[in-house]
Each structure stands twice: as structure tokens, then as C-alpha cells.
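Please consult the sequence and structure shown below while reading.

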Amino acid sequence: MLDMPGVTRDGLDVQIEDNELTITGRRKARPVQGTWLVKERLEGSFEAAYTVDDTIDPAKIEASLDDGVLTVTLHIKEAVKPRRIPVKSG
């Protein structure tokens, strides 16, 4: 999960290529009323990249943005998941 206050879905891009998950976005400036001593919300473009190993299924990566929080869900490939082997008697 990544906090992204002020970022909209239109200003966000999530891609996977060659085992690298890249998140790029743009936070637009908001009109400011009055005079401020401190402005803590940054504006402009940003990018974050994460290496994803071969156990992740790139076709099943999901992303959702809700109330300024981006959630990226990674699913493990079926072939990599542990499986239980039944034990037969005699």
C-alpha cells in the first residue's frame, strides 16, 4: 500500500515489465487561499520501481486507489504454491 493524497486514477500508471513493477504518477497543484508558512503536500511527478521475482503471476496483478491509498495485490503463480499431498493407507 502506498499513500498518495491528491492523486487521482487519471494521474496514476502501474506497469509490469521484465520483473519490474513501476508506479508513476502526477499530483496536481491545488489552488491555495491566503498565505501559508508551510506547505507539506508536494506536487509534480513521481516514480517508484520494485523488483518482482518469478513466483509472481504478472497477469494477475491488481491495483486499486481508494481515499488516496494505492493497493497493489500480487498473486503467486499456481505452479509455485505449496500443495498438500494426500497420504494413502496400505
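How many salt bridges does a search of the whole structure find?

## Salt bridge

The search of the whole structure finds one salt bridge, a term that requires a side-chain nitrogen of Lys or Arg within 4 Å of a carboxyl oxygen of Asp or Glu. Its partners are the side chains of E78 and K81, with an N to O distance of 3.2 Å. E78 is exposed at a relative accessible area of 53%, whereas K81 is partly exposed at 39%. Buried means under 20% relative accessible area, exposed means over 50%, and partly exposed lies in between (1.4 Å probe, protein chains only).

## Basis of the model

The model is predicted: local features need pLDDT of at least 70 and side-chain atom pairs pLDDT 80 or more, while totals for chains, interfaces and linings use all residues. Residues are numbered from 1 along each chain as its sequence is written, and side-chain values use heavy atoms, without hydrogens and water.

## Sheet

Three strands form an open sheet in the order β1-β6-β5, with antiparallel pairing. Strands are DSSP runs of E with at least two residues, numbered from the N terminus, and two strands pair if DSSP finds at least two bridges between them. At the edges stand β1 (2–3) and β5 (62–66), each pairing on one side only.

Two antiparallel bridges join β1 to β6 (residues 69–73). D3 has V69 of β6 as its bridge partner.

## Negative surface patch

E17, D18, E20 and E47 form a surface patch of negative charge. Patch residues have over 30% relative accessible area and no salt bridge, with like charges joined within 9 Å. D18 lies in the loop between β2 (12–17) and β3 (20–27) and is exposed, with a relative accessible area of 71%.

How values were computed. Helix = DSSP H or I, 4+ residues; strand = E, 2+ residues; numbered from the N terminus. Patch = residues over 30% accessible without salt bridge, like charges linked within 9 Å, V, L, I, M, F, W, Y side chains within 5 Å. Areas by Shrake-Rupley, 256 points an atom, 1.4 Å probe, with all protein chains shown as cover. Lys, Arg positive; Asp, Glu negative; His and termini not counted. Charge placed at Lys NZ, Arg CZ, Asp CG, Glu CD.
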